[in-house]
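Work through the exercises below with the sequence and the structure in view. Each task is followed by a solution in steps.

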Amino acid sequence: QVQLVESGGGSVQAGGSLRLSCVGSGYTHSSNCMGWFRQAPGKEREGVAVIYTGDDNTYYADSVKGRFTISQDNAKNTVYLQMNSLKPEDTAMYYCAAVIGTWRTVCTVSASGGYNYWGQGTQVTVSS
């Protein structure tokens, strides 16, 4: 049974940094799409960053390029999201999502429908 557990959320002031972690369990595939999505109150869920763990290819939403970095430690089944220069508009619940055992062409940050495993989420609040 695949499980994803996020951690690292919190409250920071604008300009600050946070690092989110997502630990996966219940699978052995090393080629997966692992991503971060977020949803603010009253808004639709949006993609933030995705990594293909087979070759470390990464994909980012335009709103976070240059500020956020997604990375992975395959040995630990862990994906990280380093968030720098945080803005109030980054405030949201952040979710880890995965497609296990897949091809890189499946990875996308623009749609969440193909991701079949989700974590419970971790809250990020950025104050101005």
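## Exercise 1: Arg-67

Arg-67 has a relative accessible area of 11% and is therefore buried. The model is a predicted one.

Task: find where Arg-67 lies and which residues it touches.

Solution.
- Step 1. Locate the residue: Arg-67 is in the loop that runs between strand S6 (57–60) and S7.
- Step 2. Look for polar partners of its side chain. A polar atom of the Arg-67 side chain is 2.9 Å from the backbone oxygen of Ser-63.
- Step 3. List the contacts, leaving out residues up to four places away in sequence: Arg-67 touches Gln-82, Met-83, Asn-84, Ser-85, Leu-86, Lys-87 and Asp-90.

## Exercise 2: Asp-90

Task: decide whether Asp-90 is buried or exposed, and find what its side chain reaches.

Solution.
- Step 1. Asp-90 is in the loop between S8 and S9.
- Step 2. The relative accessibility of Asp-90 is 1%. Buried means under 20%, so Asp-90 counts as buried.
- Step 3. The Asp-90 side chain makes a polar contact of 2.9 Å with the side chain of Arg-38. The side chain of Asp-90 also reaches the backbone nitrogen of Lys-87, at 2.8 Å.
- Step 4. Not counting residues up to four places away in sequence, Asp-90 touches Arg-38, Arg-67, Phe-68, Ser-85, Val-124 and Val-126.

## Exercise 3: Aromatic pairs

Task: count the aromatic pairs, then classify the pair of Phe-37 and Trp-118.

Solution.
- Step 1. Rings pair if their centres lie within 6.5 Å. By this rule there are three aromatic pairs.
- Step 2. The ring centres of Phe-37 and Trp-118 are 5.3 Å apart and the planes stand at 55°, so this pair is tilted.
- Step 3. Phe-37 belongs to strand S4 (residues 33–39) and Trp-118 to strand S10 (residues 117–118), so the pair ties together parts 81 residues apart in sequence.
- Step 4. Compare the accessibility of the two: Phe-37 counts as buried at 1%, whereas Trp-118, at 26%, is partly exposed.
- Step 5. Tyr-115 and Trp-118 also form a pair, with 6.5 Å centre to centre and 65° between the planes; this pair is edge-to-face. Tyr-115 is buried, at 5% relative accessibility.
- Step 6. Ring pairs link Phe-37, Tyr-115 and Trp-118 into a cluster.
- Step 7. Check the face of the Trp-118 ring: Arg-45 lies over it, 4.1 Å from the ring centre.

## Exercise 4: Nonpolar cores

Task: find how many residues the largest nonpolar core has and which element gives the largest share.

Solution.
- Step 1. The largest nonpolar core has 28 residues, and those with the most contacts inside it include Met-34, Trp-36, Phe-68 and Tyr-94.
- Step 2. Among the elements that give two or more residues to this core are strand S3 (18–25), strand S5 (46–52) and strand S9 (92–99).
- Step 3. S9 gives the largest share of this core, four residues.
- Step 4. Another core lies apart from it; this one has nine residues, among them Cys-33, Val-99, Cys-107 and Val-109.

## Exercise 5: The whole chain

Task: describe the protein by its strands and its radius of gyration.

Solution.
- Step 1. The protein has 11 strands and zero helices.
- Step 2. Its radius of gyration is 14 Å, close to the 14 Å that the globule rule gives for 128 residues, so the protein is as compact as a globular protein of that length.
- Step 3. Of the 128 residues, 44% count as buried.

Definitions and conventions. Residues numbered from 1 in each chain as written. Predicted model: local features only at pLDDT ≥ 70, side-chain atom pairs only at ≥ 80, totals over all residues. Heavy atoms only, no water. Phe/Tyr/Trp six-rings, centres within 6.5 Å; stacked < 30°, edge-to-face > 60°. Buried < 20%, exposed > 50% of the residue type's maximum accessible area, 1.4 Å probe, protein only. Lys NZ or Arg CZ within 6 Å of the ring centre and 35° of its normal. Core = buried A, V, L, I, M, F, W, Y, C linked by side-chain atoms within 4.5 Å. Polar contact = N/O pair within 3.5 Å; in protein donor to acceptor, adjacent residues only side chain to side chain. Contact = heavy atoms within 4.5 Å. Rg over C-alpha atoms; globule rule 2.2 N^0.38 Å.
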